Amino acid sequence: MTRWAGARFLGLRVRLLLTFALLGVTTTAAVASGSYIQARTVILQQAQDAAVMALTEQLTKVYPIAQLPPTQDDLTLLAQRLSDREGYAVVIYRDLRAQGSEGPDLLTPELRQDVGEGRIAWQRISRDEQPWLLVGTQLRFARLDGTSRPSGLEVYSVRTLAPEQQSIDRLANLAWLTGGLSLVLAVLLALLAARGVLRPVRDLGRAARRLGEGDLSTRLTVRGTDELADVARTFNDTAGTLERQVGELRRMESDARRFVADVSHELRTPLAAMTAVTDVLDEEAEHLPGDAGRAARLVSRETQNLTQLVNDLIEVSRFDSGTARLALDDVDVAAAVTASLRIRGWLDRVRADLPPGVVARLDPRRLDVIVANLVGNAFRHGAEPVSVRLRADPDWVTIEVADQGPGLDPQVLPHVFDRFYKADTARTRSEGSGLGLAISWENARLHRHGDRRGSLVADNAPGGGAVFTLRLPRDTAAAGGAR
């Protein structure tokens with residue numbers, strides 16, 4: 001989990017840079033290390049072979065030794081003759097020892113043992129951070145019969161490897177320099193690669209954001225024939241298909257809304273006639289016998305419901321078309337709410353907390369619609385007592401409508417202002433159309449002033465029951481229809 005979180009944290013550009021840098025450093029380190037080791041071996045081998053050859057050539061001038069045992073003077077003379085500018089010689093015969101020039105005593109027991117066994121031996125050592133090459137051999141004593149035997153006279157050549165070490169250090173510095181240049185080159189290549197790869201990706205990301213924001217005409221410029229070009233073409237094809245489908249859906253939705261608006265307007269005339277008839281039926285229903293009276297009252301009630309539904313549909317069509325407008329006036333909010341309750345006969349059934357003197361610039365008709373829907377909804381789906389409380393500050397007017405019913409189910413809350421939504425989907429027939437709260441929400445949002453916009457929120461009270469909170473700006477601007 002951590003590894004993937006880290007991979008998401010690092011951007012694609014950073015990962016490309018790290019990949020190229022790691023590849024460049026690894027390749028350079030492998031090549032430089034191999035070259036360094038090989039060159040170091042060659043340099044040291046050449047120095048070692050040269051030292052052995054130089055010692056062998058010098059020994060031919062004094063080989064073989066004709067007099068044994070040698071004196072100290074003989075050893076000193078031999079050591080001086082074998083010494084040169086590149087090193088000095090050490091000559092040992094049993095307890096006698098001579099050194100051609102001043103220098104540290106570097107002979108090791110391992111080297112002396114190999115030389116004592118009659119072999120030509122060499123050894124590289126480091127003393128006081130200085131590299132040295134030791135080469136040793138044993139001279140042979142000439143017999144009268146022309147043969148020779150080991151003489152016990154050991155000769156050692158001590159040479160500094162400082163020049164070779166300097167050459168090796170230069171190789172190491174060159175390897176480091178090569179590694180640094182390779183790293184810089186790898187980073188430059190990574191930047192170029194990232195630019196070539198990330199530019200189409202960034203273009204795709206911006207295009208996807210514009211498409212998600214609703215700009216269905218967004219298209220990408222296709223460059224080349226590689227995989228990224230295929231992605232761009234696929235995006236363009238997808239965007240084109242989506243634009244056509246969304247356009248068709250919008251056309252169908254527009255047709256459906258226009259159809260609903262047209263039908264609603266066409267129904268107003270016959271409904272007006274039906275309403276006049278039902279007024280007569282209401283007056284005569286009490287005098288009609290049995291089923292006739294019940295049928296008259298049913299027709300009257302259903303005609304009223306149909307009239308309300310048609311009016312609601314017409315109002316919704318205005319919201320959808322953006323033609324809904326506010327008729328603003330300076331309103332005494334407490335008086336307007338009280339009048340709305342009195343007209344519907346709810347004044348004695350509602351607990352009203354309406355402080356006087358709260359004046360706001362609102363649309364009184366739309367305020368009446370909101371209050372009527374909220375209080376009526378509380379009576380139908382909640383439980384009494386129903387309370388209406390008014391609060392105000394310099395910028396906002398707040399009206400709360402609460403009941404003591406079971407409250408709203410958490411699954412209902414996100415959809416309570418949706419059109420035609422009913423909490424009890426099993427009921428095929430109910431008192432309301434499911435448009436009242438949706439229209440109230442739209443009416444609240446029509447009221448705005450600058451960045452302040454009206455709102456209607458549904459929630460449950462801590463002690464139980466549903467609470468609807470209406471907030472309207474006190475100074476609504478003279479504009480409407482904005483969604």
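Is F468 buried or exposed? At 4% relative accessibility, F468 counts as buried, because the cut-off for buried is under 20%. The views below come from a predicted model.

**Figure 1. The protein as a whole has 10 helices and 14 strands.** The chain has 483 residues, and buried residues make up 34% of them. Now consider contacts with a separation of 6 or more. Residues 24 or more positions apart account for 63% of these contacts. The close-ups that follow pick out single sites.

**Figure 2. F417 and F468 form an aromatic pair.** The structure holds 2 aromatic pairs. In this one, the ring centres are 6.2 Å apart. The planes stand at 80° to each other, and the pair is edge-to-face. F417 lies in the loop between strand 10 (396–402) and helix 10, while F468 lies in strand 14 (residues 466–473). These parts are 51 residues apart in sequence, so the pair ties them together. F417 has 16% relative accessibility and counts as buried. F468, at 4%, counts as buried too.

**Figure 3. Helix 9 and helix 10 cross at roughly 145°.** Two packed helices are described by the angle between their axes and the distance between the axes. Here the axes come within 9 Å. Helix 9 covers residues 364–381, and helix 10 covers residues 436–446. The crossing is left-handed. Helix 9 brings R366, V369, I370, N373, L374 and N377 to the contact. Helix 10 brings G436, L437, I439, S440, N443, A444 and L446. Sorted by class, the contact has 7 nonpolar, 5 polar and 1 charged residues. An α-helix has 3.6 residues a turn, so residues three or four places apart point the same way. On helix 9, R366, V369, I370 and N373 are among the contact residues to look at with this in mind.

**Figure 4. Helix 10 is mostly covered.** How many of its 11 residues are buried? The count is 9. The buried residues are G436, L437, A438, I439, S440, E442, N443, A444 and L446. Several names return from the previous view. L437, I439 and A444, for example, belong to the contact with helix 9, and they are on the buried list as well.

**Figure 5. R159 is a buried arginine in strand 5.** The strand spans residues 148–160. The relative accessible area of R159 is 6%, so R159 is on the buried side of the cut-off, which is under 20%. The side chain of R159 makes a polar contact with the side chain of S157, at 3.4 Å. Beyond its sequence neighbours up to four places away, R159 touches A51, A54, D84, E86, G87, W132 and L133.

**Figure 6. T137 sits in strand 4.** This strand runs over residues 130–142. T137 has 10% relative accessibility and counts as buried. Which residues is T137 in contact with, leaving aside neighbours within four places in sequence? They are L55, L59, V115, R119, I120, L153, E154 and V155.

Figure 7. Q99 is found in strand 2, and R94 is in the loop between strand 1 (87–93) and strand 2 (96–99). At 26% relative accessibility, Q99 counts as partly exposed. R94 is exposed, with a relative accessible area of 67%. Phi of R94 is near 50°, a positive value in a residue other than glycine. Q99 touches A79, Y88, A89 and V90, not counting residues up to four places away in sequence. The C-alpha atoms of Q99 and S157 are separated by 9.9 Å, and the two residues are 58 residues apart along the chain.

**Figure 8. L16 is found in helix 2.** This helix covers residues 12–60. L16 and V197 are 181 residues apart in sequence. In space, their C-alpha atoms are 9.9 Å apart. L16 touches A190 and A194, with residues up to four places away in sequence not counted.

**Figure 9. The peptide bond from E384 to P385 is cis.** Omega is near 5° for this bond. Where does P385 lie? P385 is in the loop between helix 9 and strand 9 (386–392).

Note on methods
Residues numbered from 1 in each chain as written. Predicted model: local features only at pLDDT ≥ 70, side-chain atom pairs only at ≥ 80, totals over all residues. Heavy atoms only, no water. Helix = DSSP H or I, 4+ residues; strand = E, 2+ residues; numbered from the N terminus. Buried < 20%, exposed > 50% of the residue type's maximum accessible area, 1.4 Å probe, protein only. Polar contact = N/O pair within 3.5 Å; in protein donor to acceptor, adjacent residues only side chain to side chain. Contact = heavy atoms within 4.5 Å. Axes fitted to C-alpha atoms, helices over the stretch in contact; angles between N-to-C directions. Left-handed = near helix turned anticlockwise from the far one by under 90°. Nonpolar A, V, L, I, M, F, W, Y, C, P; charged D, E, K, R; others polar. Phe/Tyr/Trp six-rings, centres within 6.5 Å; stacked < 30°, edge-to-face > 60°.
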